[in-house]
Amino acid sequence: MPQTRISSPLPARELAVDGLACERDERVLFSGLSLSLKPGELLLVEGQNGAGKTSLLRILCGLAEPVEGEVSWNGRAIHSQREDYAAELFYLGHLPGVKLDLSPEENLGFVRSLRNRPSREQILAALKAVGLYGYEDQPARTLSAGQRRRVALAGLCLSDAPLWILDEPFTALDKAGVAWLQDCLSSHLERGGLIVMTTHQALELGRQVRSLAL
Amino acid sequence: MSAGLMHAFVAVLRRDLLLALRRRGDSLNPLLFFVLAVTLFPLGIGPEPQRLAEVAPGVLWVAALLATLLSLDSLFRADHEDGALEQLMLMPQPLSVLVLAKILAHWLVSGLPLLLMSPLLGVVLHLPEASFGALFLGLALGTPVLSLVGAIGAALTVGLRRGGMLLSLLVLPLYVPVLIFGAGAVAQAGMGLSYAGQLAMLGALLALSLSLAPLACAAALRVTEN
Amino acid sequence: MWSFFYKLASPKWFYELAGKLLPWFAIGAAMSFALGGIWGLAFSPPDYQQGDSVRIMYIHVPAAILSLSVYTFMAITAIIGLVWKIKLAHMVSANAAPIGAAFTAIALATGSLWGRPMWGTWWEWDARLTSELILLFLYFGVMALRNAIDERTTADKAAGLLAVVGVVNVPIIHYSVEWWNTLHQGSSITSLARIAKPAIHADMLWPLLLMILAFKLFFVTVLLMRTRNEVLDRERRSAWVGELLETRDGV
């Protein structure tokens, strides 16, 4: 597949977590969680269903609030720099946030226009990279589940955010898609990016992966 | 507003208008409801012009209020269900500004058509000629307030399965001042009295809700999307 | 000052302090109810126009005053909970809501009873009664929202936010209803708000003030009892509640 990513090095950033605790329905999912993540590192969050993987990722994004503890980005608490942090973050949740009434091009164009505003050529190239060439102007309603996820994943090609937080990004992808995403992840790490993710897919990135068991 | 923020505001506005355009059928529902609800009144209370003219200010305003309420549930729900709301909350712009763009889009799709349709319904209800200005200006100032205040309720109930009924319980009491001043202006005008005071009150409500409601909405979304 | 503030925010400390204070508030409430009630119902003079029906005032006015101030109290505690992230403040706010709603309902019912001899109807769209009715809906909204959300912390924050939005609107609603009332009724009907105000005689004022005090003490008593229960419920997994239950069972 063609390489369309922006490949300049990313700014050196650090994600730190201190004494994090999370409860759901008065059940403690995890507590006293501390770690830090440096450029070029990937943190794989593992655990059974209901262990709090998604909750952790949402706390790391700032979407959910921890019961205790703090997440900081470059030494500052994320809730005190919400917009700055958001500018350096790419998040993909369970739901891809793709509008079924809009075409892939419109979907991607909208999300990116609030960030680094790529040109139309860049957007089309990104869609081509995820194998959506020829589908760019069809309503997303007509696409398959895997294709809809690809629309959201295409944003990775256009992102200049150092931190990627991905919740099961391999879901519904076919073999070619998996290979493309693996490739995408390793080149992000090479550029000095940080990744926190969950997956059931065996990662073949050709480098050491840190894992966290919940 | 900086250029970047303005750009983001316009982008959200455009997307929501585009989505409304793609779902034209759904977007027209509040307007149809408005017309239908107003049509029911002559059937319910009789066609005598004088009696209709007397209740017309209240009927038009209550119908506009309920039509807005009906449309509110969809304001954040679709975005919540497909994950777009999460993405919106993680944008490098203040959420309140993006929410304001959504509310403006909501008003353009649901409030503005009500406003444009209202003179016609005034005619149907034999509203005195002197009242038309007050009705139109009142709705022009009042319906944005309905959208803004209602958005807070929509944000608070966005994740709930049966949010619709709850939404009306939360929002309708807050609509009381708008209803009183809006319908009051029309009634005053019908009696040949000045209605500038009521319009000024509606204007003040608009200014207040324009400055506070987006902040309250953003705070509410951060709570309910937790 | 601040250390006191945070100490008070600790559920265990609150539970113990509230337990100590509770009897005093309860006794105070009972005494002022008895004194104000007997004075107002038996010894204060009847009104020269309304006769004995004016005695409803000793229930109606305190309930109406409390209905409004409890809403404000609920909003203030909600703000404390939201800004300083104090769970206890949310618990207090949550438990103030049903009590305030009950006061509002009492104010409505007694207002309606009072209206019967005064206006000849059970319901008149009087400014105060209308405002009370809308206030009751505002209370219901906060309570319904809290009930509808399963996650407790989310429910706390959402209901708190709604209470704050409501408290901003209460004066606006009140003002608009007053204006609406004068527009539609003029001065042909004496509104409830106007009876109690003008130059009330001292023989009526004192029992009324006593009854207001009684309602306030009653509110604090019930609020402390309810909040203590909620503290136990929410902290039931903590060590101190466990110990407390063990010693109770031992006795």
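**Ground rules**

I number residues from 1 along each chain as its sequence is written, letter chains from A and number ligands from 1 in the order in which they are written. Since I am reading a predicted model, I ask pLDDT of at least 70 for local features and 80 or more for side-chain atom pairs, while totals for chains, interfaces and linings use all residues; side-chain values use heavy atoms, with hydrogens and water left out.

**Confidence**

I looked up the overall scores and found ipTM 0.93 and pTM 0.92. Next came pLDDT, the predictor's confidence in each residue, from 0 to 100. Chain A averages 89, and 97% of its residues score at least 70. For chain C the average is 88, with 89% of the residues at 70 or above.

My helices (H or I, at least four residues) and strands (E, at least two) are DSSP runs, numbered from the N terminus. I call two strands paired if DSSP finds at least two bridges between them. A friendly reminder to myself: strands of a sheet pair through backbone hydrogen bonds, either parallel or antiparallel.

I traced an open sheet of four strands in chain A, in the order 2-1-4-5, with antiparallel pairing. Its edges are strand 2 (27–37) and strand 5 (76–77), each of which pairs on one side only. Strand 1 (residues 15–24) and strand 4 (residues 68–73) are joined by five bridges in the antiparallel sense. I checked Ala21(A) and found its bridge partner in strand 4 to be Glu68(A).

Strand 4 also runs antiparallel to strand 5 of chain A, over two bridges. There I see Ser72(A) opposite Ala77(A) of strand 5. The hairpin of these strands has two residues between them, and Asn74(A) takes a positive phi near 55°.

What lies across this sheet? I found helix 1 (residues 53–61) of chain A lying across strand 1, strand 2 and strand 4. Helix 1 runs at about 130° to strand 1 of chain A; the axes are lines fitted to C-alpha atoms, for helices over the stretch in contact, and angles run from 0 to 180 degrees between N-to-C directions.

**The parallel sheet of chain A**

I then followed an open sheet of five strands, ordered 6-7-8-3-9, with parallel pairing. Strand 6 (89–92) and strand 9 of chain A each have a single partner strand, so one side of each has no neighbour in the sheet. The twist averages 15° from one strand to the next. Strand 3 (residues 42–46) pairs with strand 8 (residues 194–198) in the parallel sense through three bridges. I spotted Leu44(A) opposite Met197(A) of strand 8.

**Where chain B meets chain A**

I count contact as heavy atoms within 4.5 Å. By that rule, 30 residues of chain B touch 30 residues of chain A. Buried area is the accessible area (1.4 Å probe) that two parts lose on being put together, summed over both. Chain B and chain A bury about 2,700 Å², with 57% of it on carbon and sulfur atoms.

How many salt bridges (a side-chain nitrogen of Lys or Arg within 4 Å of a carboxyl oxygen of Asp or Glu) join chain B and chain A? I get five. I looked up Lys99(A) with Asp82(B), a salt bridge whose closest N and O atoms are 2.8 Å apart. On the chain B side, helix 1 (3–22), helix 4 (74–82) and helix 5 (84–89) each supply at least two residues. Helix 1 of chain B gives the most, with nine residues.

**Where chain B meets chain C**

I find 26 residues from chain B and 26 residues from chain C in this contact. The pair buries about 2,200 Å², 86% of it on carbon and sulfur atoms. I count zero salt bridges between chain B and chain C. Helix 7 (132–156), helix 8 (163–171), helix 9 (176–190) and helix 10 (196–224) of chain B each supply at least two residues of the side that touches chain C. Helix 10 of chain B gives the most to that side, with nine residues.
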